[in-house]
Amino acid sequence: MPLFAQNVIGLVLAIAAIILLGTGFLIAVAIGRRFERERYFRRLDALREQYGPAVRALLAGRLDHKSVLDRLRSISGPDRVYMLERLCLEQKPTPAQRPVLRRLCEDLGLVEVWRRDLAGRFREESFVDSLSRPEGLLRRVRRLTFLVRARSAENLRLIRHAPSWPLLVKALDDPHPDVETAAAGALAALREPQSFPALVERLHASVLESPGSLSLRSVKGALVSFPLRQSIHLLPSLKHSDPRIRLVAADVIREMVDREAAAEGDSALNSDAFGPKLVEVYLARLCSDENPEVRARAAPVIACLPEGACSGDDNPTTVLLRLLNDAEWFVRLHAVRALAGPQKRSTARLAAAIVERLTDANWRVREAAARALLKLGPPGVDKLLEHLVSTQDRYSREQIIEEIERAGLLPTLLAHYAERPHGREGHVVEQFVNAGKTSGLLAVLENGAGPEARDQFIKDFGRHADPQIRVWVERIARD
């Protein structure tokens with residue numbers, strides 16, 4: 001056999017041997033890993049049965065801290081930290097349980113481990129020790145260590161460990177987006193005032209799409225969770241030269257205001273939470289911002305400002321009236337919707353301005369105007385019905401009729417119609433009939449209206465010029 005062929009065969013055999021050895025090694029590691037996992041789960045189940053009741057009793061207030069701490073400190077082994085973590089964080093704690101759980105995790109040394117792992121300072125250990133824990137190998141593979149860092153941030157969030165906020169702020173610059181997102185979520189849960197400016201910096205970087213910046217969705221979600229009084233730190237953002245930053249900042253404050261109003265059950269902004277400088281920016285600058293999206297985001301906040309919020313010529317009412325006539329339809333839409341909210345000050349005097357939007361060129365604005373008037377109660381409903389019987393705008397009539405049906409006002413309307421057939425309600429019913437919008441009327445007349453309303457409807461429309469309407473009337477009469 002030629003020497004060249006012998007060399008080739010030898011090389012092939014060597015490669016095959018290496019592959020076999022490598023495959024064998026991987027199989028051995030997999031088998032060993034499986035045995036270790038089975039051992040781990042058996043150990044975890046045993047520890048749950050032995051120590052789980054004590055942890056639950058501590059959180060429920062039935063055992064004292066020291067006795068539970070001493071019992072948990074007796075757990076040993078290379079997987080001790082992971083076992084303690086599973087026992088303490090087995091279920092999501094309630095707000096009342098968090099202080100108790102936080103103290104337990106601190107005294108057990110878990111918080112120190114999480115903080116160290118979040119910073120990327122992993123403790124050195126042998127390969128055998130790493131193999132004995134489910135997450136042990138993650139620390140040895142550089143590309144997978146982000147999972148450990150992200151989980152550490154999540155654990156600090158669960159127990160609301162406020163002193164860790166500086167470390168979480170640093171984690172906002174982590175090379176992996178999952179860690180950044182987890183850190184932002186933890187800061188949102190902690191709501192530490194000192195971390196708010198750092199989040200605002202990340203907001204700017206996200207809007208400007210700076211390299212490695214945190215996702216805009218994550219940073220916005222974190223900022224919105226803070227109390228409204230922190231919004232003063234967004235004042236420079238509202239004055240920023242870049243309209244994109246002004247827009248995002250205005251959107252953050254809008255969501256903060258909505259959340260605060262929902263929590264307090266009051267849509268008027270507290271002057272202590274929303275300072276005079278912010279009021280001035282909204283009434284003097286944002287309402288006339290060159291970016292229409294900014295003007296639209298400003299409208300809901302302006303609608304929540306009390307009438308005496310500003311000492312200047314501009315007040316919330318005059319500014320909102322100006323926004324109701326904005327050149328951009330979606331700005332008008334946001335202004336109308338803002339007026340439909342439950343403000344402390346009376347919005348009944350704005351009904352005339354809202355009525356003008358019933359003939360707006362955009363159907364969304366017409367729809368919002370009709371709904372806003374209905375939300376104003378009797379004064380708004382009166383304005384709506386007056387407009388319905390007097391307008392020559394077909395699209396406006398159809399929009400109002402749809403909203404009256406959707407609001408469930410037909411039974412009340414027909415009851416008033418039976419009492420005053422020649423009054424305004426009679427003209428409203430006539431508008432329904434002439435527009436061909438009779439399905440809702442017929443349904444109420446056949447199933448819910450009193451006999452007086454049905455008799456009056458038959459009398460008024462039994463000889464109508466439209467044969468289809470006469471067919472409807474005959475059907476009601478037969479019923």
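Biologist: What does R160 count as at 21% relative accessibility?

Modeller: Start with the cut-offs. Buried means under 20% relative accessible area, exposed means over 50%, and partly exposed is in between, with a 1.4 Å probe and protein chains only. At 21%, R160 counts as partly exposed. Two cautions apply here. This is a predicted model, where local features need pLDDT of at least 70, side-chain atom pairs count only at pLDDT 80 or more, and totals for chains, interfaces and linings use all residues. Residues are numbered from 1 along each chain as its sequence is written, and side-chain values use heavy atoms, with hydrogens and water left out.

Biologist: What is the phi of R160?

Modeller: Positive, about 55°, although R160 is not a glycine. R160 sits in the loop between helix 7 (145-158) and helix 8 (165-171). Helices are DSSP runs of H or I with at least four residues, strands are runs of E with at least two, and both are numbered from the N terminus. R191 also has a positive phi of about 55° and is not a glycine. Its loop lies between helix 9 (177-190) and helix 10 (196-207). At 39% relative accessibility, R191 counts as partly exposed.

Biologist: How many helices and strands are in the chain?

Modeller: 26 helices and zero strands. Of the 479 residues, 46% count as buried.

Biologist: What share of contacts joins residues at least 24 apart?

Modeller: Contact means heavy atoms within 4.5 Å. Take the pairs at least 6 apart in sequence: 66% of those contacts join residues at least 24 apart.

Biologist: Which residues touch the most other members of the largest nonpolar core?

Modeller: First the general idea. In soluble globular proteins, nonpolar side chains tend to be buried together. A nonpolar core is a set of buried Ala, Val, Leu, Ile, Met, Phe, Trp, Tyr and Cys residues joined through side-chain atoms within 4.5 Å. Here the largest core has 139 residues, and L72 and Y282 touch the most other members. Leave aside neighbours within four places in sequence, and L72 contacts Y51, V55, L84, L87, L104 and L108.

Biologist: Which residues line the largest pocket?

Modeller: Rolling a probe the size of a water molecule over the atoms shows where empty space is left. On a 1 Å grid over the protein atoms alone, a pocket is an open set of points where a 1.4 Å probe fits, with protein on both sides within 12 Å along at least five of seven lines; lining residues have an atom within 4 Å of a point. The lining is V381, D382, L385, I404, L409, T412, L413, H416, R424 and E425. Helix 20, helix 22 (410-419) and helix 23 (424-434) each give two or more residues to this lining.

Biologist: Which residues of helix 23 are buried?

Modeller: E425, G426, V428, V429, Q431, F432 and V433. G436 follows helix 23, with a positive phi near 75°.

Biologist: Which side chain makes a polar contact with the side chain of H387?

Modeller: A polar contact is a pair of N or O atoms within 3.5 Å; within protein, one must be able to donate a hydrogen and the other to accept it, and residues adjacent in sequence count only if both atoms are side-chain atoms. For H387 the partner is S396, at 2.9 Å. H387 lies in helix 20 (residues 378-390). At 11% relative accessibility, H387 counts as buried. Not counting residues up to four places away in sequence, H387 touches V355, L358, T359, S396 and I400.
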